[in-house]
Amino acid sequence: MNWFRRFMMGRYGVDQLSFAMLLLSMVLVMFTRGRFWFLAVLGFVLLGLAYYRMLSRNISARARENGLFLQYVQRLRGRWERLTRRAQDRTHRYYRCPGCRQQLRVPKGRGAIAITCPRCGREFIKKT
Ligand SMILES: [Zn+2]
């Protein structure tokens, strides 16, 4: 494995983004059939990109890409958690303030009520 270590010296290596690209490319290549053949091609392109990133010597650029990727995953996770929390909440409705886009949670089953946004003070009517 000495030659391998020498080969990888100064190269970026595997990170979360490359790992995700490898996984996705495997799924695309293995499960794509028939008229969706272009997805398999996309899989091979992704595979190539993943290798390119792993063998790259421009470490700061690759680290930056991975950072953006992790940020994006974090945002998706936050959104997913909000959605599941909302789906499990049977006693409240969720609205966005038309003034400032702040999310508001109001109790269900009160009929039409005037909601006052606690952030910007705007009042609007919604059915609950
Ligand atoms: Zn508001």
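**Exercise 1.** Work out from its relative accessibility whether C97 counts as buried or exposed.

*Solution.* The relative accessibility of C97 is 0%, and C97 therefore counts as buried, a term that means under 20% relative accessible area, with exposed meaning over 50% and partly exposed in between (1.4 Å probe, protein chains only). C100, at 19%, counts as buried because of that value, whereas G67 counts as partly exposed because its value is 33%.

This is a predicted model, in which local features need pLDDT of at least 70 and side-chain atom pairs count only at pLDDT 80 or more, while totals for chains, interfaces and linings use all residues. Residues are numbered from 1 along each chain as its sequence is written, and side-chain values use heavy atoms, leaving out hydrogens and water.

**Exercise 2.** Find which atoms coordinate the zinc ion, and explain why their arrangement is tetrahedral.

*Solution.* Begin with the donors, which are N, O and S atoms within 2.8 Å of the metal (3.2 Å for Na, K and Ca), water not being among the atoms, so sites may look incomplete. The SG atoms of C97, C100, C117 and C120 coordinate the zinc ion at 2.3 Å, and along the chain the donors follow the spacing C-x2-C-x16-C-x2-C. Next, take the angles: the four donor atoms subtend 105 to 112° around the zinc ion, and the arrangement is therefore tetrahedral, a term that for four donors requires all angles to lie between 85 and 135 degrees.

**Exercise 3.** State how far apart G67 and R96 are in sequence and in space.

*Solution.* G67 and R96 are 29 residues apart in sequence, and their C-alpha atoms are 30 Å apart in space.

Technical notes: Tetrahedral: all angles 85-135°; square planar, octahedral: opposite > 155°, others 65-115°.
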